Amino acid sequence: MEATDAKAGPDWSIQDVARLAGTTSRTLRHYHEIGLLKPSRVGSNGYRYYNGDALLQLQRILLLRELGLGLPAIAEVFQQQADPVQALDRHLEWLAQEQERLARQMASVRQTIETVKGGGDMVAEKMFDGFDHTQYKDEVEERWGKDSYAKSDAWWRGMDAAEQREWKSRAGKLGSDWIAAAGSGLSPAGPEAQDLARRHIEWLTSIPGTPAAEDGGDIKGYVVGLAEMYVADARFAANYGGMQGAGFVRDALLAYAETRL
């Protein structure tokens, strides 16, 4: 942190803000370029610095990203001068919805365990309570278009139950391997993490409708965008053990994208 005059108050360098917010200097520069987050000043050395007001703006950006809003939608919210308290209220609503959905999933799994132990018959409606894959439909369509969602949805529905379970198992294994790697002190740019990044991108390219799967698609841009989203959106970060794990995944994917895509 760097102190300025008493009237202006303290400010923080772009590196400090990136570290505190769990993001990257590249992301903060991008926010500046699109007019979403302007630094409070730019030093003679070209470094960006952020004061308390700028940090509040960044907090709101990250909050709205967690709510699922894309950057254009966030810009529109700011143009309408939305009250920060209203954004917090929406955040609480989303957390409550996620809590309820997870509670339903837990109850569903418990019911399945009890049924299997007791030798009873499975009840499909109860087994998949809380597992609605269409819950992110609007968000996917906003970010990548209706065609992308339609292709992915048709691909998923075209699999039978066994194929869906196998796919979820592979995705779960990838997630657990990421969590283990993040907790082991490995370098995101090291060979082990880069091999995980390779597996991750192969997994992305296997999903129809995504830019990574389309011929001529912007794979690098898609991977970089997702990498940042893993940290910006708590729903994704939870798949990798929280923000620290998500940060490791992001850094590994960014390193892979920079050198190999």
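**A sheet, a crossing of helices and a buried leucine**

In this predicted model, helix H1, which spans residues 14–21, lies across strands S1 and S3 and runs at about 90° to S1. These two strands belong to an open sheet of 3 strands, arranged in the order S1-S3-S2 with antiparallel pairing. Strand S1 (11–13) and strand S2 (41–42) stand at the edges, and each has a single partner strand, so one side of each is left without a neighbour in the sheet. Between S1 and strand S3, which covers residues 48–51, the antiparallel pairing extends over 3 bridges; within it, Ser13 has Tyr49 of S3 as its bridge partner.

We can turn next to a pair of helices. The axes of helix H9 (residues 161–182) and helix H13 (residues 243–260) come within 9 Å and cross at roughly 95°. Because angles of 65 to 115 degrees count as roughly perpendicular, H9 and H13 are described as roughly perpendicular to each other. On the H9 side the contact is made by Trp178, Ala181 and Ala182, while H13 contributes Gly245, Phe248, Val249, Ala252 and Leu253. Sorted by class, this contact of H9 with H13 has 7 nonpolar residues and 1 polar residue, with no charged residues.

Helix H13 also holds Leu254, which has a relative accessible area of 11% and is therefore buried, since buried means under 20%. Leaving aside residues up to four places away in sequence, Leu254 touches Thr24, Arg26, Val224, Ala227 and Glu228. Of these, Ala227 is 27 residues apart from Leu254 in sequence, yet their C-alpha atoms are 6.9 Å apart in space.

Terms used: Residues numbered from 1 in each chain as written. Predicted model: local features only at pLDDT ≥ 70, side-chain atom pairs only at ≥ 80, totals over all residues. Heavy atoms only, no water. Axes fitted to C-alpha atoms, helices over the stretch in contact; angles between N-to-C directions. Helix = DSSP H or I, 4+ residues; strand = E, 2+ residues; numbered from the N terminus. Parallel < 35°, antiparallel > 145°, perpendicular 65-115°, else oblique. Contact = heavy atoms within 4.5 Å. Nonpolar A, V, L, I, M, F, W, Y, C, P; charged D, E, K, R; others polar. Pairing = 2+ DSSP bridges. Buried < 20%, exposed > 50% of the residue type's maximum accessible area, 1.4 Å probe, protein only.
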